Amino acid sequence: MAIQEQLKKMILDVLPDVDCVIGWGPGPDPLRGSPFFMRKPEDVESFMAGPMAVQNPALFLPEYKGKKVGVVVKGCDSRSVVQLISEDLIKREEVVIIGFPCDGVLDVAKVENALASHGEPGEITAVEFSGGEVKVTLAGNTHSLKFDDVKADKCGRCAVPNAVMSDFFAGIAREASGVKDDYEDLAALEKMSLEERFAFWENEMSRCLRCYACRNACPMCVCRDHCVASSRIPHWISQADSTRDKLMFQVIHAVHLAGRCTGCGECQRVCPVGIPVLLLKRTLSKGVTELFDYAAGMDTESKPPLLTFQVEEATIKERNW
Amino acid sequence: MSVLNESNNGKELRIVGFLCNWCSYGGADTAGVGRFTQPTDLRIVRLPCSGRVNPLFIVKALLNGADGVLVSGCHPRDCHYAEGNFYARRRLEVFKRLLPTLGIDPRRFEYTWVSASEGQRWQKVVSEFTQQVHALGPAKFVADAPEFDVLKVCAE
Ligand code: SF4
Ligand code: SF4
């Protein structure tokens with residue numbers, strides 16, 4: 001039985017016990033899936049897992065605190081669920097986790113870029129996946145792309161294709177690719193001088209619209225209407241259309257995610273102007289891993305490193321004046 | 001300290017110090033009472049504890065015109081609230097890593113521990129840090145993108 005069918009069956013089994021099951025369904029166009037809330041058995045018909053299941057459904061879980069919900073998760077999504085549980089932002093007994101072996105998801109922007117010379121994204125009428133290829137029908141012509149070329153960057157360095165924690169698991173767990181995350185993205189930035197990096201952010205952040213999609217898509221950004229970015233006292237960022245305030249906002253997001261960010265990449269994926277905001281979060285995640293040998297969202301029992309301390313820190317070399 | 005000021009055409013730079021009330025603020029006071037000569041670039045903000053230091057204080061200062069930021073608290077094991085500085089140490093150590101990615105020289109930020117009796121140590125810390133910041137010169141300001149002139153673009 002295909003994974004998709006197994007998942008549907010599991011969802012149907014879970015459905016009577018929960019408020020809803022969150023997964024993915026058809027999106028606004030053939031290239032995009034969408035988060036999907038299944039409440040009735042007939043809803044499950046249009047459920048779809050696979051390369052178009054890009055969104056992180058863990059995002060919605062804190063809203064359902066107090067109710068029981070089911071959630072279908074890719075490996076990366078499951079890390080968000082685990083992190084939410086370990087921070088007591090959701091309760092383990094209130095969520096039914098359904099996992100499956102993930103083969104990677106599509107990066108819509110990469111597909112659109114690859115086909116930019118052939119027509120407008122709106123002219124895509126069909127998308128098909130078969131044997132490592134993506135066949136996109138655009139303005140009447142079918143173009144074949146290699147899936148590896150258009151999959152999300154995070155999938156290339158993924159070490160957890162299967163849910164790290166699940167109540168039900170469809171199919172057979174997949175081997176991780178074995179590719180180690182060597183922070184290639186940060187290395188590119190590190191090649192620049194400090195001045196160049198400063199100019200890089202000036203340029204990137206000048207495009208920011210302050211739509212806050214990056215914040216709203218982040219499963220670990222749970223403050224919602226109480227975000228410090230909108231507080232007037234203290235006035236962390238002003239209403240001015242200034243690059244400085246926009247950069248300040250990104251720093252707030254990164255600092256608040258230090259030791260909590262699971263690297264799901266949603267913040268960067270949803271940015272309408274393509275700002276590589278994940279670089280800031282990955283810098284801090286890398287630091288946390290190096291200093292405290294910790295990766296967020298791998299284990300519900302481990303304590304986030306910034307919420308604890310050691311009297312003698314083995315890895316922190318303080319400056320001797 | 002004239003030596004310092006020469007490196008920046010005799011101009012002072014702006015350095016913000018976040019000091020805990022119980023140790024480092026006392027240490028700075030001890031240095032003052034003892035009349036130890038110190039550079040005058042530092043502006044002190046007194047906080048209850050180094051554990052109160054939100055890394056965002058530091059970025060906010062650095063992005064808004066400060067040329068350097070110094071955080072100082074009680075020595076480990078001496079915190080007035082027992083463990084505030086232990087949390088601060090982890091937080092600041094992680095935060096420090098963000099500065100190079102942002103293109104800000106990490107030497108513009110330091111954290112350290114000075115007790116209320118260590119007037120001399122305070123003098124040393126302030127002098128050395130000020131020197132370090134002077135060597136880097138004034139910090140860069142985040143420039144705004146040039147105004148996008150819609151009318152001009154349409155006319156072209
Ligand atoms: S900051 Fe970005 S990568 Fe990290 S958890 Fe939030 S959305 Fe995911
Ligand atoms: S999603 Fe992009 S444009 Fe919107 S606030 Fe975040 S960085 Fe700015």
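1. Helices here are DSSP runs of H or I with at least four residues, strands are runs of E with at least two, and both are numbered from the N terminus. A:Arg224 counts as partly exposed because its relative accessibility is 32%; the scale runs from buried (under 20% relative accessible area) through partly exposed to exposed (over 50%), with a 1.4 Å probe and protein chains only.

2. Before going on, a word on what you're looking at. This is a predicted model, where local features need pLDDT of at least 70, side-chain atom pairs count only at pLDDT 80 or more, and totals for chains, interfaces and linings use all residues. Residues are numbered from 1 along each chain as its sequence is written, chains are lettered from A and ligands numbered from 1 in the order in which they are written, and side-chain values use heavy atoms, with hydrogens and water left out.

3. Now chain A as a whole. Chain A has 11 helices and eight strands. The radius of gyration of chain A is 21 Å, close to the 20 Å that the globule rule gives for 321 residues, so chain A is as compact as a globular protein of that length. (That radius is taken over C-alpha atoms, and the rule is 2.2 Å times the number of residues to the power 0.38.) Along the principal axes, the C-alpha trace of chain A spans about 65 × 50 × 40 Å.

4. Take the contacts in chain A with a separation of 6 or more: 68% of them come from residues 24 or more positions apart, where contact means heavy atoms within 4.5 Å.

5. A:Pro234 lies in the loop between α8 (213-216) and α9 (243-256) of chain A. A cis peptide bond joins A:Ile233 to A:Pro234, with omega about 0 degrees.

6. Further along is A:Asp293, in the segment after α11 (278-292) of chain A. A:Asp293 also isn't a glycine, yet has a positive phi of about 50 degrees. With a relative accessible area of 70%, A:Asp293 is exposed.

7. A:Val311 lies in the segment after α11 of chain A too. Setting aside neighbours within four places in sequence, A:Val311 is in contact with B:Arg77, B:Phe86 and B:Arg89. A:Val311 counts as partly exposed, at 32% relative accessibility. The C-alpha atoms of A:Val311 and A:Asp88 are separated by 25 Å, and these residues are 223 apart along the chain.

8. Over in chain B, have a look at the cysteines. The structure holds one disulfide over all chains, counting a pair of cysteine sulfur atoms within 2.5 Å as one. This disulfide joins B:Cys23 to B:Cys74, at 2.3 Å from S to S. The pair links distant parts of the chain, 51 residues apart: B:Cys23 is in the loop between β1 (15-20) and α2 (24-33) of chain B, and B:Cys74 in the loop between β3 (68-73) and α4 (84-96) of chain B. With 95 degrees about the S-S bond, the link is right-handed. B:Cys23 is buried at 10% relative accessibility, and B:Cys74 is buried at 4%.
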